[in-house]
Amino acid sequence: FFVLQAPVPIPNFTAQEIPDSPSQYWVARDTDLLFVHYPTIAPRRWYYRDIFNDIQGPFNAQEMLQRIKAKHIKGNTSVLAETGSGAASSFYEAKLSAMFPDIATVFQQPPLLPMKGEDPLWYFVDAQRCEQGPFSSEQMKFWLDQGFFSAETTVRMADGSSQRMALFKFFNDPALAFPYSGQENAPTPIENDINPKILNKMPSGKDLLSAAFGSSALISAPAPPPPALGAMRDVEKEERINDVVKFDKVDMSDGHDTETKEEKKKDESDKQFNVYGEGWKEFTGVPDPKAFPVQKEYAASLYTFVTRPLHPDAGTIQCYIRRDIDGTHINFSKYIVYMEETKIPIMAAYRYRNLGSSYYEIKLNTTGKTVDAPMGLTIARLEVNFSGTDFLLHNAVSGHTGSSKDLACAVYQRSRGPGSTKGPRKMKCAIPDIRKDKPEFTEWRHKGKSSPLSAALKSLQIEKGLIPLLNKPPTWNPKKRAYTLGFQGRVKVSSVKNFQLVDALRDPKHDHVLMQHGRVNQVQFSMDTHHPLSLLQSFAFALSSLHAKKFVD
């Protein structure tokens with residue numbers, strides 16, 4: 001079975017298009033076949049890349065149209081069309097607007113698929129004189145070897161470089177038809193007797209995507225490069241400062257490089273790019289406990305500072321997190337956030353366990369001093385599911401007055417267990433959008449475990465007032481034999497817990513880092529935050545990375 005777009009009737013051929021006579025090779029083959037038959041065609045399977053660059057699918061044409069209407073798919077969305085199935089499985093990827101230049105024909109007429117690499121795609125005319133395709137050379141070769149088609153079967157190339165004509169006009173010998181890269185005993189162009197008027201050169205390579213695995217919807221990614229030598233899992237109970245962790249290694253730069261003109265220009269573009277919302281007033285600076293003679297005034301100022309979106313002029317707020325073991329706990333259970341410049345603690349989180357889940361109580365440190373007991377005003381809670389893949393930050397706590405709201409959420413892709421995929425960590429995050437009338441987050445009512453914010457993130461309902469974030473994909477460094485990210489000297493130790501967040505919607509090139517977090521030593525981690533995130537949200541995302549996960553490396 002395979003895929004097909006809507007059939008297109010083919011007009012009758014003129015006398016000049018009728019072939020002379022097939023070669024003896026075709027005659028011998030067709031004699032053995034006795035009669036011509038064609039493969040059974042099933043509806044084409046489609047996929048698309050979402051704002052997180054994850055592949056969604058499979059869908060039929062009608063389901064793809066529904067996603068266009070829901071604005072999940074746009075003209076610049078990368079779409080994947082299945083061009084081969086089974087043993088010849090293959091995919092063609094291009095922008096939606098490139099596949100369907102005419103918007104009226106989207107998923108209603110065959111897509112335009114120019115040749116990529118060196119392997120062409122093909123159409124053929126079936127017994128009902130309807131054009132079927134496009135299909136990969138490997139798929140056409142597979143069908144031909146299975147006894148489908150004859151010398152008289154009409155075919156054409158999908159890129160429009162040839163006219164419709166009999167199959168033997170393209171290939172003098174059926175054994176040499178439809179060569180493709182990776183083919184065993186593939187013929188050379190000299191052996192392949194092709195009419196030069198039909199095709200100037202015969203494609204002999206392939207640049208198609210790999211097959212979808214099972215019915216899980218996602219296209220299988222290429223096998224990752226080998227991990228760092230001596231790689232070891234980063235486990236909470238037995239962490240070492242000098243770990244070289246599989247799938248992630250940080251850039252060990254010292255952060256003292258001279259700033260270039262290009263970097264200055266990038267800084268200016270960052271300021272212009274990263275302005276969310278309206279109504280921003282002058283930035284008044286970071287609250288300092290020494291500037292407030294009354295502790296309540298400092299507490300109110302600090303609460304506003306950590307819970308609301310950072311001011312665009314605040315730049316990057318640098319903090320660090322120190323973790324410790326609190327009370328009778330065996331593992332790390334206390335996390336304190338300090339301002340990098342002043343070393344003043346501003347927040348603390350304490351981990352607790354429920355039956356089948358965990359949560360963190362996040363408290364505001366209003367004293368300006370480090371405290372060893374879980375003291376202070378509880379301003380938020382971070383809920384964690386059993387597997388450690390879903391995190392929800394909300395303020396349904398004693399320290400908050402008014403309606404309870406969801407403040408942020410994070411979802412990690414499984415890399416262990418059933419349905420998992422290997423590779424660097426993948427996390428999707430969301431925070432509420434910034435209001436248009438004043439610089440505050442839009443309201444997402446907290447409804448317990450059935451969080452509307454988490455549901456909107458998982459269903460990609462990005463039009464509903466949220467800012468989708470994803471961790472910036474690391475790049476493979478062949479010299480270090482590890483995945484790397486540049487942290488400008490803020491991270492010193494390799495760890496899978498190191499990450500950077502970017503706007504998945506507004507920053508497709510991942511040029512503007514809104515938050516970064518990474519290990520400095522065994523108990524200390526850096527936490528740098530930029531507008532539009534709040535420090536509270538940034539702290540929650542850092543905690544989500546530090547939390548031990550059952551199904552994530």
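Author: Gladly! Let us start with surface: accessible areas come from the Shrake-Rupley method with a 1.4 Å probe. For this protein, which is a predicted model, the accessible surface comes to about 27,000 Å². Carbon and sulfur atoms own 52% of that surface.

Reader: What makes up the protein in terms of helices and strands?

Author: The protein has nine helices and 23 strands. Of its 553 residues, 50% are buried.

Reader: Why is phenylalanine 391 called buried?

Author: A residue is buried when its relative accessible area is under 20%. Phenylalanine 391 has 3% relative accessibility, so the label "buried" applies. Tyrosine 412, at 4%, counts as buried too.

Reader: How many aromatic pairs are there, and why do phenylalanine 391 and tyrosine 412 form one that is edge-to-face?

Author: Ring centres must lie within 6.5 Å to pair, and planes over 60 degrees apart count as edge-to-face. By this rule there are 23 aromatic pairs. For phenylalanine 391 and tyrosine 412 the centres are 5.7 Å apart and the planes make an angle of 65 degrees, so both conditions hold and the pair is edge-to-face.

Reader: Which residues do ring pairs link into a cluster?

Author: The cluster consists of Tyr38, Phe124, Phe135, Trp143 and Phe149.

Reader: How do you know that histidine 394 is buried, and where is it found?

Author: Histidine 394 belongs to strand S15. Its relative accessibility is 3%, and the cut-off is under 20%, so histidine 394 is buried.

Reader: Why is there said to be a polar contact between the side chains of histidine 394 and glutamate 383?

Author: The limit for a pair of N or O atoms is 3.5 Å. The contact between these two side chains is 3.3 Å, so the distance falls within the limit. Leaving out residues up to four places away in sequence, histidine 394 touches several others, including Lys405, Leu407 and His446.

Reader: Which residue lies over the face of tyrosine 123?

Author: That is arginine 156, at 4.1 Å from the ring centre. The distance cut-off is 6 Å, so 4.1 Å is within it. Tyrosine 276 has arginine 506 over its face, at 4.1 Å from the ring centre.

Definitions and conventions: Residues numbered from 1 in each chain as written. Predicted model: local features only at pLDDT ≥ 70, side-chain atom pairs only at ≥ 80, totals over all residues. Heavy atoms only, no water. Helix = DSSP H or I, 4+ residues; strand = E, 2+ residues; numbered from the N terminus. Buried < 20%, exposed > 50% of the residue type's maximum accessible area, 1.4 Å probe, protein only. Phe/Tyr/Trp six-rings, centres within 6.5 Å; stacked < 30°, edge-to-face > 60°. Lys NZ or Arg CZ within 6 Å of the ring centre and 35° of its normal. Polar contact = N/O pair within 3.5 Å; in protein donor to acceptor, adjacent residues only side chain to side chain. Contact = heavy atoms within 4.5 Å.
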